[in-house]
Amino acid sequence: MTEVTTRYQQLADEFATLIHQGKIKAGQRLPAIRRVAETHQVSVNTVLSAWQRLENRGLVEARPQSGFYVRSVLAEVATSAPRQLKPRELGREKMALIEAAFSAQRNPAYTNISLACPQHEDFFPTAKLTKIAASLLRRKPEIISKYALPNNGEPLREQIAKRALYSGLSLSAEEIIITHGCSEAIQLALRVITSPGDCIGVESPTYFFLFPLLAELGLKAVEIPTDPRKGIKMDVLELMLKEKRISALVTIPTVHNPLGFTTSVADKKRLAQLAQHYQLPIIEDGIYSELQFHTPESPAVKSFDKEGWVIYCTSFTKTLAPDFRIGWMMAGRFHEAISRLKGLSTLGESALLTSTLAEFLANGGYDHHLRSLRRRYGSNMDKVRDMISRYFPEGTQATRPMGGFVFWAELPGKINTVDLFEQLLNERICVTPGALYSLSDHYHHALRLSCCYPFDERYRYALRRTGELACEITGIPAQDFQTTSSVTLTEGNSEP
């Protein structure tokens with residue numbers, strides 16, 4: 001990447017931040033290109049490239065003979081669901097809905113705009129991983145003729161220990177347990193720290209596949225009110241702990257699925273303190289942590305854990321190789337019990353796959369790959385929010401995630417997004433209705449959407465059609481995207 005290319009991307013990111021922060025408002029004109037070039041000591045072409053990048057991201061629009069103007073900004077979801085602290089179990093109707101969603105997501109004939117699984121090789125370093133795996137097989141052909149025994153994958157564990165410092169985690173390779181994805185890590189943790197009948201605290205809304213897992217283990221979910229911008233309501237959680245209403249907590253505090261927030265460092269510290277004070281086992285799902293948009297990265301709750309009550313679980317499935325299904329966990333005081341259970345359940349993970357990942361992490365440019373992913377998902381997020389602001393019913397709100405590629409949209413008027421989901425299936429379009437993300441009766445007006453797909457015409461059509469059908473159901477027209485404002489920036493707020 002050339003210095004000029006880097007500079008125009010940096011300039012675009014600077015002005016995108018100003019737009020997101022509301023310092024340059026919808027309808028306002030961007031500063032004159034020549035003035036920005038002089039102020040930032042770059043060429044006119046560099047500024048023009050930055051403005052065009054903002055246009056491609058859906059943040060600005062070019063008006064003939066006038067300049068570039070900030071497009072309308074989609075309102076953020078700002079309110080959380082009311083308190084719903086009653087323990088709940090997964091019912092047959094909800095399970096049937098989950099199965100219907102998974103069935104559609106598996107069907108290649110459907111256009112999926114909500115599955116949280118990148119669906120194209122462009123999102124992964126496929127060629128590099130293939131080359132490494134082929135080299136390993138040439139150098140060590142015996143690698144595939146040996147059983148994967150418990151506690152294997154030492155080269156990968158060593159690389160993970162080095163990279164964990166980015167999340168504030170100081171650990172040795174011996175403290176890491178390699179798992180079959182993040183889902184197995186969470187399952188192993190739940191099997192060790194809970195007993196059938198226990199009540200488990202979860203955010204509301206939360207990742208919907210957690211509910212079948214809890215049900216399979218005989219556990220009940222207690223949904224804790226969650227702010228869509230800040231995270232779990234800490235005062236409510238502490239009250240529940242004082243009243244001994246939950247036995248453990250499962251949380252996604254960094255780039256939450258489906259809301260996209262990242263909990264503040266202060267609240268992460270408080271969460272670790274609560275775990276210690278009340279001896280509360282916490283399962284921290286960190287699967288999206290490496291896809292944070294902002295630097296420095298927000299540390300894990302586990303980094304503030306002094307007595308081992310936090311179990312950190314994550315995976316490489318969202319960033320490197322979904323089919324490898326390689327995850328890992330740091331289990332603290334529960335390490336021995338979980339390691340033993342892992343060995344009894346599935347022994348170890350493939351030596352070929354773990355060694356491939358280990359070599360890539362050591363030599364393959366993982367940080368460069370992550371930077372590219374973050375830029376791409378951030379750009380896609382802006383484009384999707386722009387399309388929602390144009391094609392969905394007026395009054396639609398959506399979260400502004402701090403990383404990853406999923407976000408939460410709430411529709412106005414009278415609508416049940418389960419009905420929308422079912423009607424879209426008839427058109428071979430798959431979304432996930434908000435009802436999946438809670439065992440309560442809330443979120444029937446919500447959807448989770450995803451932008452981890454090529455932003456091609458097929459994807460754009462599916463998103464546009466979803467908005468059109470939502471307008472038909474609610475009787476509310478799409479938002480009027482046109483703005484007549486010609487307010488320009490004053491000298492005092494024209495520059496970053």
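In the predicted model described here, Pro 433 stands opposite Leu 447 in β17, where helices (H or I, at least four residues) and strands (E, at least two) are DSSP runs numbered from the N terminus. Residues are numbered from 1 along each chain as its sequence is written, and side-chain values use heavy atoms, with hydrogens and water left out. Because the model is predicted, local features need pLDDT of at least 70 and side-chain atom pairs count only at pLDDT 80 or more, whereas totals for chains, interfaces and linings use all residues.

Strand β16 and strand β17 (residues 446-450) pair in the antiparallel sense over two bridges, and two strands are said to pair if DSSP finds at least two bridges between them. Both strands belong to an open sheet of four strands, which has the order β13-β14-β17-β16 and antiparallel pairing. The edges of this sheet are formed by β13 (397-398) and β16 (432-433), each of which has a single partner strand, so one side of each is left without a neighbour in the sheet. Helix α13 (residues 366-391) packs on the sheet and touches β13, β14 (406-410) and β17, and its direction makes about 15 degrees with that of β14. Here contact means heavy atoms within 4.5 Å, while axes are lines fitted to C-alpha atoms, for helices over the stretch in contact, and angles run from 0 to 180 degrees between N-to-C directions.

The largest nonpolar core has 134 residues, and those with the most contacts inside it are Leu 156, Ile 311, Phe 316, Trp 328, Met 329, Ile 338 and Phe 405. A nonpolar core is a set of buried Ala, Val, Leu, Ile, Met, Phe, Trp, Tyr and Cys residues joined through side-chain atoms within 4.5 Å, and buried means under 20% relative accessible area, exposed over 50%, and partly exposed in between (1.4 Å probe, protein chains only). Helix α13 gives the most to this core, with eight residues. Leaving aside neighbours within four places in sequence, Phe 405 is in contact with residues including Ala 116, Tyr 288, Tyr 377, Met 381 and Leu 449. A second, separate core of 19 residues includes Ala 12, Val 42, Val 47 and Trp 51. Helix α13 also holds Arg 374, which is buried, with a relative accessible area of 15%. When residues up to four places away in sequence are not counted, Arg 374 touches Glu 290, Leu 291, Gln 292, Phe 293 and Glu 297.

The axes of helix α4 (residues 92-106) and helix α14 (residues 417-425) come within 12 Å and cross at roughly 35 degrees. Leu 97, Ala 100, Ala 101 and Ala 104 of α4 make the contact with Val 418, Phe 421 and Leu 425 of α14. The residues of this contact divide into seven nonpolar, no polar and no charged, where Ala, Val, Leu, Ile, Met, Phe, Trp, Tyr, Cys and Pro count as nonpolar, Asp, Glu, Lys and Arg as charged, and the others, Gly among them, as polar.

Strands of a sheet pair through backbone hydrogen bonds, either parallel or antiparallel. Strand β5 (residues 176-179) is covered on both faces, with Ile 176 and Ile 178 on one side and Ile 177 and Thr 179 on the other, all of them buried. Four bridges join β5 to strand β12 (residues 327-330), and the two run antiparallel, with Ile 176 standing opposite Met 330 in β12. In β9, Ala 248 and Val 250 point one way and Leu 249 and Thr 251 the other way, and all are buried. Strand β9 is joined by three bridges to strand β6 (residues 199-204), in a parallel arrangement, and the bridge partner of Val 202 in β9 is Val 250. Three bridges also join β9 to β10, again running parallel, and Leu 249 stands opposite Ile 282 in β10.

Several loops show particular backbone geometry. The peptide bond from Asn 257 to Pro 258 is cis, with omega near 20 degrees, and Pro 258 lies in the loop between β9 (248-251) and α10 (265-278). The peptide bond from Thr 295 to Pro 296 is likewise cis, with omega near -5 degrees, and the place of Pro 296 is in the loop between β10 (282-285) and β11 (310-315). Leu 347 has a positive phi of about 55 degrees although it is not a glycine, and this residue is partly exposed, with a relative accessible area of 40%.
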